[in-house]
Amino acid sequence: MAEERNNGHKWTMIVDLDKCTGCQACVVACHAENNVPISSEDEVIRGRANHWIRIERYWEGEYPNVKARFLPVFCQQCGNAPCEPVCPVYASYHSTEENVNIQVYNRCVGTRYCGNNCPYRTRLFNFWAPRFDEPLEQQLNPDVTVRSPGVMEKCTFCIQRIRRGREQANIEGRPLEDGEIVPACAQACPTDALIFGDKWNEHSRVAQMVPSERQFKLLENLGTEPAVYYLKGGETHVGE
Amino acid sequence: MLESRATVGPYWEKPVPDDEHLAQQVEHGREQHLMLDARPPAELNQLTLATMRQTGPRFWIALAGLGAMTLAFLTAWAIQIFSGLGITGLNRSVMWGPYIANLIYFIGIGHAGTFISAALRLMRMDFRRPIARAAETITLFGLACAALFPIIHVGRIWKLFYMMPIPNQRELWPNFRSALFWDMMAITTYLIGSTLFMFVALIPDFAMARDHTTGWRRKVYGALSLGWRGTDGEWHRLEVVSNILSFVIIPVMFSVHTGVSWNLSMAIQPGWHSAIFGPFFVVGALYSGVAAVILVMIIVRKTMRYGYFMREEHFNAMGIFLLILTLSWIYFYFAEWITNWYGNLPLEKAIQAMLTGPLAPMFYLMLFCNIVVPLGTLWSRRVRTSLPAMFIIGILIQIGMYIERVLIVAGSLSRNELPFNWVNYTPHWPEVTVTLGTLAFLGLLYMVFTRFVPIIPVWEVYEGQAMQESRRVGRAVVSTRTEVH
């Protein structure tokens, strides 16, 4: 079921590919913020790299005229998410308050159907019990669950930061301001390639940036209505 | 004019014609056809029960072998539960692998049983009579083994009850929109339905066994036969119930494999998302199922000395059925393949390129087992009636259909929308152990079952024999059949 406009927020991320240098700072920040276990080299070779946000690198052209293109991919928080209807236990469900896709870790039985049905392959399965090499286990974020083996997990748009920001605004009795909530990846991005905000707040930076000529959504043809907008980079917009 | 009572003999005492030529024809008919070779029911009962109580050294060796493999499977499963699914070869793109292929495979071999006993029953095909129960038993245990696989497959087996609609104070229900849930409902319905169907047909045979055994067996069979005495009213009710259940179970059978295929085709994964998967999987299930029934028929006939019941004509008929299914399966496979090929979508091309590229040995082995061998040999009556040949063909079809499922499940998943996430899949030891171990477990259950339950539906055999009549038309003797419905 597609989303309808309601009284909640429409959390949206903009990825400006023109600014992305592929430095992976967002990946590291996400691991630290969300207690994402670090996969060993062997596991990565076996195809189990565990990142909530990953930089997909594509080569363009033939050597020596070869270019690297970087595409940060994380859960697209689809408005019409393929992972939601297939879960037999509602572990993957849609929040009508935040309008993001939520994964309920303690409801998940690990059928991995959502993972198969995610065309972006942003859903990760906990193949092993989570393990953090020293001294990483000293810096686990107390706001985020460490997921048990056998459950699916994925990017949450740092839901813990969203909740904290909203509660703080509530306590102070004021509306939420744009830029008050920043996910770890956007916070860490040195080139400001990741911009986060509420699209339904007309004054937000995101709402103003979305109607760009460079804008596209990943795999838009599938009709998943992602909440992540990409702005084309490289030479693709030369001559605008 | 009515014949006097004195001249009407029992149906197994067919008069031998005086004419030598006609007598030869009658004798030939008896040799060829079980239905014409009527013998007293008491003799058939003894024939069925005799081997049920025999367990030779080879039986125990086979039992120990299968038991050891089952134990290996349970150990592998325990290790997997303890250490997590990390020990399998699954990865972040190929999240479903042989476990789901096994689910499809085991439900598949369970399809032939119902088809043979229900559909062929309604079509009044006499060749199903001696083999119906052997086929239904595969259904029963195939489904039981298949039902293990969702359990083996999930990440948190201890939370599996979340998938079941158990009333709870938080009013948390399973997701009725999920194809996995439909599948679970279809499998449970089919398991209950086919067990009931099998049990109804077993009642007279349990009563027969009760009357011919002593001790604890007599008590168990007595309880299972539900006080069957064999009155006219009981036979009539049995007939009515069997017919009703036959009509009910056939749509359920179709729904089960359609449901299984929808697990795949309801997903937006290229290579899975295809409307043809429902009928394609049903035909594939029948194909591997009938081949499995032939394998079991050969083993049961050989080890339990049921040569009287399972004759050349039965293998011939099953061979023809298998040939028809080969052709149907080829039709569906290529309908799907050609649609993808002609559609020329980049991802479906990538999947096909992988099947003919890195996975080519498996792909061509599958085509060899499923197409070349059955199509090249089954047209010949000599092959269809040769047990070793049919055994090899049956095994090859099992291998071929298993590979086909693995290629669909794991092969398609390794190619997805963003090429960065293309990961190939290699099975690791748990998948191999669990798969082989479950096959052994199926064999183990079957072996034990044959020693407790009459694997030949004797009453169906003599019902069929009683309806047969030889008549003389000119110089020929033809068999006719009385319909008593």
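Modeller: A crossing is left-handed if the near helix is turned anticlockwise from the far one by less than a right angle, and right-handed if clockwise. Helices are DSSP runs of H or I with at least four residues, strands are runs of E with at least two, and both are numbered from the N terminus. By that rule, H7(B) passes H8(B) in a left-handed crossing.

Biologist: How are the residues and chains labelled, and what kind of model is this?

Modeller: Residues are numbered from 1 along each chain as its sequence is written, while chains are lettered from A and ligands numbered from 1 in the order in which they are written. This is a predicted model: local features need pLDDT of at least 70, side-chain atom pairs count only at pLDDT 80 or more, and totals for chains, interfaces and linings use all residues.

Biologist: What makes H7(B) roughly antiparallel to H8(B)?

Modeller: The axes of H7(B) and H8(B), residues 215–224, cross at roughly 155 degrees and come within 8 Å. Axes are lines fitted to C-alpha atoms, for helices over the stretch in contact, and angles run from 0 to 180 degrees between N-to-C directions. Angles under 35 degrees count as roughly parallel, over 145 as roughly antiparallel, 65 to 115 as roughly perpendicular and the rest as oblique. So H7(B) is roughly antiparallel to H8(B).

Biologist: Which residues of H7(B) and H8(B) make the contact?

Modeller: H7(B) brings Phe206(B), Ala209(B) and Arg210(B), and H8(B) brings Arg218(B), Tyr221(B), Gly222(B) and Leu224(B). Contact requires C-beta atoms, placed from the backbone, to lie within 7 Å.

Biologist: Why is H3(B) called oblique to H16(B)?

Modeller: The axes of H3(B), residues 57–83, and H16(B), residues 429–450, come within 7 Å and cross at roughly 140 degrees. That makes H3(B) oblique to H16(B). The crossing of H3(B) past H16(B) is left-handed. Among the residues that meet are Leu66(B) and Phe73(B) in H3(B), and Phe441(B) and Leu444(B) in H16(B). This contact has 15 nonpolar, seven polar and no charged residues. Ala, Val, Leu, Ile, Met, Phe, Trp, Tyr, Cys and Pro count as nonpolar, Asp, Glu, Lys and Arg as charged, and the others, Gly among them, as polar.

Biologist: And between the chains, how many residues does the contact take from each?

Modeller: It takes 32 residues from chain B and 35 residues from chain A. H7(B), residues 179–212, gives the most to the side of chain B that touches chain A, with three residues.

Biologist: What makes E8(A) and E9(A) edge strands?

Modeller: Four strands of chain A form an open, mixed sheet in the order E8-E1-E10-E9. Two strands pair if DSSP finds at least two bridges between them. E8(A) and E9(A) each have a single partner strand, so one side of each is left without a neighbour in the sheet. E1(A) and E8(A) pair in the antiparallel sense over five bridges. Thr12(A) stands opposite Gly197(A).

Biologist: How do you know that E1(B) and E2(B) pair?

Modeller: Six bridges join E1(B) to E2(B), and the two run antiparallel. They form a hairpin with two residues between them, and Gly474(B) in the turn has a positive phi of about 60 degrees.

Biologist: What span is expected for H5(A)?

Modeller: The expected span is 1.5 Å times one less than the number of residues. H5(A) has 13 residues and reaches 18 Å from its first C-alpha to its last, close to the 18 Å expected.

Definitions and conventions
Two residues are in contact if their C-beta atoms, placed from the backbone, lie within 7 Å.
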